[in-house]
Amino acid sequence: MKVVRYPQQEEKADLLSRPVMEATDIMDRVKPILEAVKEKGDTALKEFTERFDRVELTDLEVSYEEFEEAYSLVDQELKEAIQVAYNNIKRFHESQKASTAVVHTMNGVQCWRKSLPIEKVGLYIPGGTAPLFSTILMLGIPASLAGCKERILCTPPGTDGKINSAILYTAQLVGVDKVFKVGGAQAIAAMAYGTESIPQVYKIFGPGNQYVTAAKQAVFQEGTAIDMPAGPSEVMVVADKTAPASFIAADLLAQAEHGIDSQVVLLTTEESLLPKVVAEIEQQLKNLPRADFARQSLANSRAILLKDDETMVEWMNDYAAEHLILSVENDEEWAEKVETAGSVFLGHYSPESIGDYASGTNHTLPTNGYARAYSGVSLDSFVKKVTFQRLSKTGIQTLGPYVEKMAIAENLQAHKNAVSVRLEQLGKEG
């Protein structure tokens, strides 16, 4: 992890940059995959699964027997932990339901907005080295609460051709309709275009590596909605002199172990904290099974010593972290200064991993600076907002003349006429 002391302002952009591949290089690799799936359907999916996941599949869909086996393989303690997380996430997302309010904007003019579920949604769950069954909770629960009629899930199989048991158990728990053994960009293509086995969906959710992110952006340009540009995971920790070095190191490593393209950043004004954190990282790394991933991630990461709190606030908001940990004494004051972040963790006892699993908030969040304009997944992500209006005779007579004038000013005569014919009819009726 690179330690930088009192950098100049002109160094900020470089120090806060993410470790990403060239976008054109990624898209050049992704586009042929998308085209192959569009043209060859299941055949292409099986070929890519054999090439990338090193397993030859006969059936892409998970069978009833595989679900039954998975249920028996998940131990009771893990089931209980998943159920606790399920309850908290459901409770938090249920609170996001909004009632329909009718607004009388003028006499005889009523307007309201109603939430309607997106009928068909696709959930992408990364597998491989870290099968993220927790992401199923984050996506499947709000999809169910929203009332989405068809919920399918794609996730890569292991070399044995099977899906992680906890993934299948959690998929059943949240009410996913079908699970398919497909990963990577090819899974995104399958859900966007549809194949013989996998139905086409209207919106795709879920995190992934840079190829999955590129595939989501490509199909979005062709008309399939996506949740957000969610790529490799990241965390920024803002720490003062009260922050325990062991806590900071643990939080940084929790994100670093996600993968080699993850990034962690520490901002502090306390110089004595830096060597303590570096020493703690090295000590804790010795006991991590995924230490190799973490070390490669740390090579792209920074510990930055800044001159004052004001500068830290500026750098914090410029980075727009997916996860922002405020490990400071006056955390509520700092929280008021947050302008850009996916999810914020306040104080010394709110590790980011709590939000990843079970506090109740959603962990599917914007990365790579997209928190400047995007929000994390919520109940609203699974609905579309439809507006309604109703005008009475009094309403059209009151508002109509104003609309006529505006339409004439824009040279849209037919717009004016749509109002005028009604006013004329009402005039005849007396």
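Predicted model: local features only at pLDDT ≥ 70, side-chain atom pairs only at ≥ 80, totals over all residues.
A salt bridge here is a side-chain nitrogen of Lys or Arg within 4 Å of a carboxyl oxygen of Asp or Glu. I start with that cut-off because Lys-38 and Glu-222 have their closest N and O atoms 3.8 Å apart, and the pair counts as a salt bridge.

**Entry 1: Lys-38 and Glu-222**

I looked up where the two partners sit. Lys-38 is in helix H2 (residues 23–40) and Glu-222 is in the loop between helix H9 (210–221) and strand S8 (225–226), so this pair ties together parts 184 residues apart in sequence. Both ends are partly exposed: I get a relative accessible area of 41% for Lys-38 and 47% for Glu-222.

**Entry 2: Lys-12 and its partners**

Next I ran the search over the whole structure, which gives 14 salt bridges. I followed up on Lys-12. Its side chain meets that of Glu-314 at 2.6 Å, N to O. The two are 302 residues apart, with Lys-12 in helix H1 (residues 12–15) and Glu-314 in helix H13 (residues 309–319). Lys-12 also forms a salt bridge with Asp-318, with 2.3 Å between the closest N and O atoms. Asp-318 lies in H13 too, so this second pair joins parts of the chain that are 306 residues apart. I note the three residues, Lys-12, Glu-314 and Asp-318, as a network of salt bridges.

Buried or exposed, what is Lys-12? It is buried, at 12% relative accessible area.

**Entry 3: helix H7**

I then checked how covered H7 (residues 165–174) is, and eight of its 10 residues are buried. Among them are Ile-167, Leu-168, Tyr-169 and Val-174. The cover over the buried residues includes helices H4, H5 and H6, plus strands S5 and S6.

At the start, a side-chain oxygen of Asn-164 comes to within 2.9 Å of the backbone nitrogen of Ala-166. Just after the helix, Gly-175 has a positive phi of about 90°.

**Entry 4: H16 against H17**

I have the crossing down as left-handed. On the H16 side the contact residues include Ile-396, Gly-400, Val-403 and Ala-407, and on the H17 side they include Val-419, Leu-423 and Leu-426. By class, I count eight nonpolar, four polar and five charged residues in this contact.

Key. Residues numbered from 1 in each chain as written. Heavy atoms only, no water. Buried < 20%, exposed > 50% of the residue type's maximum accessible area, 1.4 Å probe, protein only. Helix = DSSP H or I, 4+ residues; strand = E, 2+ residues; numbered from the N terminus. Contact = heavy atoms within 4.5 Å. Polar contact = N/O pair within 3.5 Å; in protein donor to acceptor, adjacent residues only side chain to side chain. Left-handed = near helix turned anticlockwise from the far one by under 90°. Nonpolar A, V, L, I, M, F, W, Y, C, P; charged D, E, K, R; others polar.
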